[in-house]
Amino acid sequence: MAISLIEKRLQYETTVVDLQDKPEAFKSLYASACGDPTMSAKVPILQTDDDATLIESMVIVEYLDDLSGAGDYSSEEKARARMWATLVPNWLSWFSILRTEAGSEEEEEAVAKVRDGLRAMDVFLAAGGSGPFVLGDSFSSAEAATAPFISRLMLVLPGLRPELAPSRWLEEDGLTHCAAWVDAV
């Protein structure tokens, strides 16, 4: 429903950007939005109907949430969603695993850190009440901001290191809230 509301309100154009060779127009647009021409331009960028240029994923997610009306949450719920979006990237920082040699002690330590993060996610979700999502029964900006992190962990890591299975970690560690969240997302 939220998507159809957004589509009715926004006429949008998608441009694919080569992240290794960003066009000058893209870099210039980013610099004009952040006010700092020395910053490295990142995706995504959203230009609104009133000609505002938005950068940073969470800013864009919250803008679209507000625009769709789906983001009609209390101040506490909005804070909880932002907190989740801030914490999850740290909890799921699994790239350090790939910088280690498979089967090494360093890999074991990096895996332990990610598993600690999954446990922290489970505690956070358990404190949130009913429903599989951060704010209960509805997919929110919290999920929109963090779904890519969990997707990469669950799909890419085992693809690169088949012996590492985050889905198995969820089961072994009894992380039922986190597992329900992963399935729902």
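## Basis of the model

Residues are numbered from 1 along each chain as its sequence is written, and side-chain values use heavy atoms, with hydrogens and water left out. Because the model is predicted, local features need pLDDT of at least 70 and side-chain atom pairs count only at pLDDT 80 or more, while totals for chains, interfaces and linings use all residues.

## Overall fold

Let's start with the big picture. The protein has nine helices and two strands (DSSP runs numbered from the N terminus: H or I of at least four residues for helices, E of at least two for strands). Along the sequence the order is α-α-β-β-α-α-α-α-α-α-α.

The C-alpha atoms occupy a box of roughly 50 × 40 × 25 Å along the principal axes. Of the 185 residues, 36% are buried (under 20% relative accessible area; exposed is over 50% and partly exposed in between, with a 1.4 Å probe and protein chains only).

## Where α6 meets α9

Helix α6 (residues 105-126) and helix α9 (residues 176-184) have axes that come within 7 Å and cross at roughly 85°; axes are lines fitted to C-alpha atoms, for helices over the stretch in contact, with angles from 0 to 180 degrees between N-to-C directions. The two helices are therefore roughly perpendicular, a label for angles of 65 to 115 degrees (under 35 is roughly parallel, over 145 roughly antiparallel and the rest oblique).

In contact terms (heavy atoms within 4.5 Å), L118, M121, D122, L125 and A126 of α6 meet T176, H177, C178 and W181 of α9.

## Salt bridges

The whole structure holds nine salt bridges, each a side-chain nitrogen of Lys or Arg within 4 Å of a carboxyl oxygen of Asp or Glu. R119 pairs with D173, their closest N and O atoms being 2.8 Å apart. This pair links distant parts of the chain, with R119 in helix α6 and D173 in the loop between α8 and α9, 54 residues apart. Both R119 and D173 belong to a salt-bridge network that also includes R115, D116, R168 and E172.

E24 is exposed at 57% relative accessibility, whereas K27 is partly exposed at 36%.

R161 sits in the loop between α7 and α8 (166-172) and is buried, with a relative accessible area of 10%. Setting aside residues up to four places away in sequence, R161 touches I97, L98, T100, E101, A102 and E107.

L155, within helix α7 (residues 141-160), is exposed at 64% relative accessibility.
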